[in-house]
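Please read it alongside the sequence and the 3D view.

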Amino acid sequence: MDSKIILVTGATNGLGREEAKALLAQGHTVILHGRNREKTLTVQKELVAETGNPNTDVLIADLESLAEVKAMAQEFTAKYDRLDVLVNNAGNQYGTRWAGTAEGHEKTMAVNLFAPVLLSLLLIDSLKKSPRARIVTVSSASHAQGGKPFIDDIELKDNYSFRRAYGLSKLYVIWAMRSLRKHLSEQGIETIDVNTTHPGIALTNLGGSEKRPWYMTVIYTVGRPLAPLLMRTAAQGAAPTIYAATSPEVEGLSDRYYGPKGLEQVSERHYTPANEAAVWNYCMKVVDPYLR
Ligand SMILES: NC(=O)c1ccc[n+]([C@@H]2O[C@H](COP(=O)([O-])OP(=O)(O)OC[C@H]3O[C@@H](n4cnc5c(N)ncnc54)[C@H](OP(=O)(O)O)[C@@H]3O)[C@@H](O)[C@H]2O)c1
């Protein structure tokens with residue numbers, strides 16, 4: 001396989017670290033994104049030692065900040081003349097109460113939805129320079145568990161709950177990536193494949209850096225010793241994303257959702273063209289100031 005230039009967000013832990021490791025082992029150049037420089041440089045050293053592939057670089061941005069997403073994209077484009085694969089892996093879970101970023105956005109939506117949409121848009125020119133590029137975004141089976149979308153309250157100012165925010169952010173990012181593919185087609189760009197994935201339930205640090213709701217703390221504390229029996233490993237959870245990122249079988253395919261069972265079905269329970277368009281339009285309104 002040709003050596004590709006691949007950017008993996010959230011490469012410092014869990015699934016992203018495994019995705020980066022597997023992609024380095026395949027011989028690609030992998031740019032590791034993290035939010036903490038020291039931690040990201042440590043992971044970089046570990047991955048080079050584990051894979052024997054020195055072709056790595058790091059980019060630092062807190063994805064709660066769209067300004068930092070923009071700066072990271074600018075740093076990438078200044079250094080690299082093309083991007084072959086963007087893996088929007090980073091994601092997070094927040095607490096029981098609505099919390100806003102410094103830029104005023106609900107944190108779950110900022111990290112899980114607005115950041116991957118903005119990063120993808122800012123890197124389109126780099127992806128266009130690849131003969132055949134891919135955007136792979138890690139969603140979740142929880143996309144079916146966020147309940148009814150609040151289309152007039154995407155950032156859940158009046159309707160927040162932990163479960164709703166995470167589930168809906170993962171549903172909206174699937175819709176947004178499908179809209180992005182349509183948006184690319186409208187511009188005559190057919191060389192960028194856009195797909196989403198989910199890992200099943202994998203043992204990682206997801207949400208561990210934030211103040212979890214009490215019931216999640218109980219589940220993790222009581223369930224942790226049993227986790228190896230009940231959950232997939234991070235390496236197993238990373239497999240669908242690695243497949244979507246580089247398998248020749250995916251070339252030329254878009255709007256697919258890959259999981260542990262291979263090609264899987266997105267829950268279309270709350271899908272309507274109007275809902276999907278509303279989410280895309282909202283994302284575009286949020287990211288617009290950072291696209292100029
Ligand atoms: N684990 C599961 O069972 C599961 C199930 C469904 C979907 N997912 C999805 O899989 C993806 C990877 O999650 P994971 O399970 O591997 O969790 P994880 O172990 O917590 O890793 C998440 C990664 O995202 C980074 N990250 C989180 N918030 C960030 C922010 N504000 N700015 C920049 N980076 C940030 C983390 O950085 P730090 O290292 O600095 O914390 C870490 O590198 C996420 O999109 C998650 O929603 C996971």
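The side chains of Arg17 and Glu46 are joined by a polar contact of 2.8 Å. A polar contact is a pair of N or O atoms within 3.5 Å; within protein, one must be able to donate a hydrogen and the other to accept it, and residues adjacent in sequence count only if both atoms are side-chain atoms. The model is predicted: local features need pLDDT of at least 70 and side-chain atom pairs count only at pLDDT 80 or more, while totals for chains, interfaces and linings use all residues. Residues are numbered from 1 along each chain as its sequence is written, and side-chain values use heavy atoms, with hydrogens and water left out.

Arg17 belongs to helix α1, residues 14–25; helices (H or I, at least four residues) and strands (E, at least two) are DSSP runs, numbered from the N terminus. Arg17 counts as buried because its relative accessibility is 16%, where buried means under 20% relative accessible area (1.4 Å probe, protein chains only). Beyond residues up to four places away in sequence, Arg17 touches Gly10, Ala11, Thr12, Val43, Glu46, Leu47 and Glu50, contact meaning heavy atoms within 4.5 Å.

The largest nonpolar core has 55 residues, and Leu113, Leu123, Ile135 and Ile192 have the most contacts inside it. Such a core is a set of buried Ala, Val, Leu, Ile, Met, Phe, Trp, Tyr and Cys residues joined through side-chain atoms within 4.5 Å. Helix α4 gives the largest share of this core, eleven residues. A second, separate core of 20 residues includes Ile6, Val43, Ala245 and Tyr258.

Helix α10 has 19 residues, which at 1.5 Å a residue should span 27 Å, and its end C-alpha atoms are 25 Å apart, which agrees. The expected span is 1.5 Å times one less than the number of residues. Among the buried residues of α10 are Trp280 and Cys283; what covers the buried residues includes α3, α4 and α6.

The ligand is surrounded by 31 residues, the closest being Thr12, Lys39, Tyr166, Ala202 and Thr204; a residue counts here if one of its heavy atoms lies within 4 Å.

| Residue and atom | Ligand atom | Distance |
|---|---|---|
| Arg35, polar side-chain atom | oxygen | 2.8 Å |
| Gly91, polar backbone atom | oxygen | 3.5 Å |
| Asn92, polar side-chain atom | nitrogen | 2.9 Å |

Terms used: Buried means under 20% relative accessible area, exposed over 50%, partly exposed in between (1.4 Å probe, protein chains only).
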